[in-house]
Amino acid sequence: MTVQLDARPPVVPAPQRSSGRLSRLDTQLSPYLYIAPFFLLFAVFGVYPLAYTFWVSLHDWDLLGADHPFVGAENYTRLLADADFWHALVNTLGIFVISTVPQLLAALWMANLLNRGLRARTGWRMAVLVPNVTSTAAVAIVFGVIFGREFGMINWLLDLVGLDAIGWKSNRFASWVAISAMVDWRWTGYNALILLAAMQAIPRDLYEAAAIDGANRVRQFWSVTVPLLKPTIIFCAIIATIGGLQLFTEPRLFHSGTNPIRGGPMRESQTLTMYMFENAFAPHYNFGYGSAVAWLLFALIAIVAAVNVLLLRRLGGDRRQKGAAR
Amino acid sequence: MSRLWRASPLTYLALVVAAGLSVFPIWWMFVVASRSSDAMGQLPPPVTPGGNLGANIARLFDNTDAYFLTGLINSAIVATTVTVSVVFFSSLAGFAFAKLRFRGRNAMLLVIIATMMVPTQLGVIPLYLLMTRLQWNDRLPAVIVPALVTGFGVFMMRQYAGQAVSDELIEAARIDGCGTARIWWHVVLPALRPAAAVLGLLTFMTTWNDFLWPYAVLNDPANPTVQLSLRALSDGYYQDMSQVFTGTAIATLPLLLVFVLFGRQIIGGIMEGAVKA
């Protein structure tokens, strides 16, 4: 055995000194040793929970119940007939759409501003990124006050320009807008920096060529910059999708008082994650049902991400083809 | 790089507006934190700090519903432990994936990348059950241990190690008789230092900021992280908002401090594409 092993050429041609066998053992074993912590911990706290969530979702699993009878797909069928689930789904998608689209457009615009010969370059970049490094919980509380009904700053500003006060927490659509404002405030600058990095990689002569063809700044932006940024825009959109559909901290802390996990008295802005929490933990402690929500949420994220890719690819592709045909 | 367009006054104006909107809520948080409670009811809202910060802090730390000091200490423990561990294990695994040859390497790397795409929500319930079995509920290991390694960290270190450490250097160290462990310590780790710094900063900020999992597993109000203290404060029935804002300001302060000190590195990390949300 040993002889045969020795006869094989070593995987890494490491020149051996006195302790040849030991160092060969070292080169063969070390890699596994180094990646083992990740896989060990991940097996226990990553893979196992993943599979286990699915297993739990097939049971009637009450925290306090002694046994957990197998119920098959019942949790899922019940969920699909659950009006509160669909309500939370619509909330999640609504908040996601009205936050992501303006966020990416604003980020593009902001990146375009930052992509100029600026004084105090790093200062501006830090200023637009600072919302991203704050505590989400803290920001949600602060925005909850800014969007307050009576003494909130936004309603005061609306009053200054002669508009009526809005019930930011009691009106369903208004609460979506307020939460989207929070999300956009946090993430626009971050996306702008990613887009800025991609913008700086665009060769300058493309713009010169476009200028010779008679394209003005705006035209150059839409016909040169945006198409070339497509992969980065898709990346930002997917990151925003994953984050947006998982929204929890912001809507949870936007509402305070009685039963805030429902996102307001009429579930105005309860997201899917909040709905999962409401069912899996206080007040219901129904782990089976909560797990089913978690799996459907996962499916939703996958679907929306895929739609995103298809849609954005189509959009950018058309624009480029038109540009080429011109 | 070729010359950029010069910024016009209009550009600066737009940037001032954008930066103002970015900074204002944070600034206002500190303003209210330093004033008495009636600052909340004032319209137009006050925009300069007052002299009440000390009194507000005293009231905050005396508040027996929030356990704010415990929250701060717990968050410091959790964030520091997780940061050290993530950087340590990620640099080890990143080095192995970038520079060592072994069977199954690509498949295992794929697994790690795949882990980055799974939402945390999917694991919350079984993790909770697991913690119950381990009797870690309401205790700090419940928030520390599952976070000790991250797929993102491993992937980021692998990407960086691939370009920062040359194969020749490792080969030379081997010829000099270095074992793999010594190569990691003497050759790879020094070269990884910039990436390790960025990863450490990001990990610290994410961990300090985390709400969802601590909220699920730390149910004992007397043993919160600082974000959970904030929740207790904001859900309270009294409306002492200057006290609440003092809490949010203190909870945000470490993050802002890190950002002021290392903002350049963080921005560099984001722009090099090393940073995931």
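These exercises work through a predicted model.

**Exercise 1. Which residues of chain A does the UniProt annotation "transmembrane region" cover, and what is the helix content over residues 32-55 and 85-114?**

Step 1. Start with the record. The unreviewed UniProt entry places the annotation on residues 32-55, 85-114, 126-147, 228-248 and 292-312 of chain A.
Step 2. Turn to the model. Residues 32-55 of chain A are 100% helix and 0% strand. Their end C-alpha atoms lie 30 Å apart.
Step 3. Take residues 85-114 of chain A. Here too the chain is 100% helix and 0% strand. The end C-alpha atoms are 42 Å apart.

**Exercise 2. Compare the span of helix H7 of chain B with the expected span, then find what its buried residues pack against**.

Step 1. H7(B) runs over residues 151-164, which is 14 residues.
Step 2. From first to last C-alpha it reaches 20 Å, close to the 20 Å expected at 1.5 Å a residue.
Step 3. List the buried residues of H7(B): Gly151(B), Phe152(B), Gly153(B), Val154(B), Met156(B), Met157(B) and Ala161(B).
Step 4. Find the partners. From chain A comes helix H2 (20-57). From chain B come helices H3 (68-99), H4 (105-115) and H9 (180-209).

**Exercise 3. Which residues form the nonpolar surface patch, and why does Trp222(A) count as partly exposed?**

Step 1. The patch consists of Val97(A), Val101(A), Leu105(A), Val218(A) and Trp222(A). Together they have about 460 Å² of accessible area.
Step 2. Helices H4 (83-114) and H10 (217-228) of chain A each give two or more residues. H4(A) provides the largest share, three residues.
Step 3. Trp222(A) sits in helix H10 of chain A.
Step 4. Trp222(A) is at 37%, so it counts as partly exposed.

Notes:
Residues numbered from 1 in each chain as written. Chains lettered and ligands numbered in written order. Predicted model: local features only at pLDDT ≥ 70, side-chain atom pairs only at ≥ 80, totals over all residues. Heavy atoms only, no water. UniProt positions renumbered as here; feature names shortened; annotations may be inferred. Helix = DSSP H or I, 4+ residues; strand = E, 2+ residues; numbered from the N terminus. Expected span 1.5 Å × (residues − 1). Buried < 20%, exposed > 50% of the residue type's maximum accessible area, 1.4 Å probe, protein only. Contact = heavy atoms within 4.5 Å. Patch = residues over 30% accessible without salt bridge, like charges linked within 9 Å, V, L, I, M, F, W, Y side chains within 5 Å. Areas by Shrake-Rupley, 256 points an atom, 1.4 Å probe, with all protein chains shown as cover. Salt bridge = Lys/Arg side-chain N within 4 Å of Asp/Glu carboxyl O.
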